[in-house]
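I am opening my notebook to look up a few side-chain contacts. My entries follow the order in which I looked.

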Amino acid sequence: QVQLVESGGGLVQAGGSLGLSCAVSGMIFRIDVMGWYRQAPGKQRELVAVITSGRSTNYVDSVKGRFTLSRDNAENTVYLQMNALKPEDTAVYYCYAVVRDTRYNLPHQWWGQGTQVTVSS
């Protein structure tokens, strides 16, 4: 089993900053991909940013230049620094990881419980 423990989030005014972190633990051989998705009320879950084990990143266009994703491979932790937040960033943010298991080295997707980010105008 694998556990994703998220921290951060909360309420901030537009233009402010927040940070999210997610620690992955359990039966891990390797974490191929880590990152964050978000889901706003009435909308589908969308990718925010992901980072590979080689630290290649991919961001949704709407957050480029404002959000920064990084990972600590030694700690199996991913960080999302969110700056210049906008009301449209309001959503539940879910940590995401693709983890290879220790027995068969097969990739599996795992999700965190989600953390609320609310940006007031």
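Below are my entries on ring pairs, a charge over rings, and a disulfide.

**Entry 1, ground rules.** I am working from a predicted model, where local features need pLDDT of at least 70, side-chain atom pairs count only at pLDDT 80 or more, and totals for chains, interfaces and linings use all residues. Residues are numbered from 1 along each chain as its sequence is written, and side-chain values use heavy atoms, with hydrogens and water left out.

I looked up the aromatic pairs and found three. Rings of Phe, Tyr and Trp (its six-membered ring) pair if their centres lie within 6.5 Å; planes under 30 degrees apart count as stacked, over 60 as edge-to-face, and the rest as tilted. I started with Tyr37 and Trp111: their ring centres are 5.0 Å apart and their planes stand at 70 degrees, so this pair is edge-to-face. Tyr37 belongs to strand β4 (residues 30–39) and Trp111 to strand β10 (residues 107–111), so the pair ties together parts 74 residues apart in sequence. Strands (E, at least two residues) are DSSP runs, numbered from the N terminus.

Tyr37 has 18% and is buried, whereas Trp111 has 36% and is partly exposed.

Tyr96 is in strand β9 (residues 91–100) and Trp111 in strand β10, 15 residues apart. Tyr96 is buried, at 9% relative accessibility. I also record that Tyr37, Tyr96 and Trp111 form one aromatic cluster.

Over which rings does the charged end of Arg45 sit? A charge sits over a ring if NZ of Lys or CZ of Arg is within 6 Å of the ring centre and within 35 degrees of the ring normal. I found the charged end of Arg45 over the ring of Tyr94, 3.7 Å from its centre, and over the ring of Trp111, 4.7 Å from its centre.

I counted one disulfide (a pair of cysteine sulfur atoms within 2.5 Å). Cys22 is joined to Cys95, with 2.0 Å from S to S. The angle about the S-S bond is -90 degrees, and the link of Cys22 and Cys95 is left-handed. Cys22 lies in strand β3 (residues 18–26) and Cys95 in strand β9, so the pair ties together parts 73 residues apart in sequence. Cys22 is buried at 0% relative accessibility, and Cys95 is buried with a relative accessible area of 0%.

Terms used:
Helices (H or I, at least four residues) and strands (E, at least two) are DSSP runs, numbered from the N terminus. Buried means under 20% relative accessible area, exposed over 50%, partly exposed in between (1.4 Å probe, protein chains only).
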